[in-house]
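Have a look at it first, then read the points in order.

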Amino acid sequence: MSQPNHPVTVRVMEKDYRIVCPPDEQGMLLRTAEYLNDEMATIRKTSKVLSTERIAVLAALNITRQLLEGRALELPEDLDNGELATRIDRLLEAMERDPA
């Protein structure tokens with residue numbers, strides 16, 4: 001029997017988000033949120049962009065470009081792109097079911 005999903009709080013750009021996540025994926029969620037936060041903080045420091053939404057879109061574009069170019073993100077070595085995509089899809093579905 002699988003364990004029930006639990007809400008996990010992640011902090012991105014000084015704002016907390018509660019995301020429902022399977023227990024075995026909580027570590028990945030926290031590392032992913034930290035990576036996103038770092039990317040967004042870099043954009044905030046190096047540009048005149050003020051809107052958090054615009055910073056988020058630029059960060060998403062940068063991260064997506066890195067993935068498409070095959071750059072290594074600081075994720076576990078044993079995680080392949082298919083598994084990463086599946087985990088991201090599950091997290092997005094959980095966010096849609098339980099928006100914070």
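1. A term to start with: a residue is buried when its relative accessible area is under 20%, exposed when over 50%, and partly exposed in between. Arg65, with a relative accessible area of 35%, is therefore partly exposed. Please keep in mind that this is a predicted model.

2. The structure holds 3 salt bridges.

3. Now turn to the strands. E1 (residues 6-12) and E2 (residues 15-21) pair in the antiparallel sense over 7 bridges, and Val8 has Ile19 in E2 as its bridge partner. The two strands form a hairpin with 2 residues between them, and Met13 in the turn has a positive phi of about 55 degrees. Another salt bridge joins the side chains of Arg11 and Asp16 (2.7 Å, N to O).

4. Which parts of the chain does the pair of Arg44 and Glu14 link? Their side chains meet in a salt bridge at 3.5 Å, N to O. The pair links distant parts of the chain, with Arg44 in helix H1 and Glu14 in the loop between E1 and E2, 30 residues apart. Glu14 counts as exposed at 58% relative accessibility, while Arg44 is partly exposed at 35%.

5. Finally, the helices: H1 (residues 26-46) and H2 (residues 52-68) pack at an angle of about 115 degrees, their axes 9 Å apart. The residues of their contact divide into 9 nonpolar, 3 polar and 2 charged. On the H1 side they include Leu36, Ile43 and Arg44, and on the H2 side Ile55, Leu58 and Ile63.

Conventions. Residues are numbered from 1 along each chain as its sequence is written. This is a predicted model: local features need pLDDT of at least 70, side-chain atom pairs count only at pLDDT 80 or more; totals for chains, interfaces and linings use all residues. Side-chain values use heavy atoms; hydrogens and water are left out. Axes are lines fitted to C-alpha atoms, for helices over the stretch in contact, and angles run from 0 to 180 degrees between N-to-C directions. Helices (H or I, at least four residues) and strands (E, at least two) are DSSP runs, numbered from the N terminus. Contact means heavy atoms within 4.5 Å. Ala, Val, Leu, Ile, Met, Phe, Trp, Tyr, Cys and Pro count as nonpolar, Asp, Glu, Lys and Arg as charged, and the others, Gly among them, as polar. Two strands pair if DSSP finds at least two bridges between them. A salt bridge is a side-chain nitrogen of Lys or Arg within 4 Å of a carboxyl oxygen of Asp or Glu. Buried means under 20% relative accessible area, exposed over 50%, partly exposed in between (1.4 Å probe, protein chains only).
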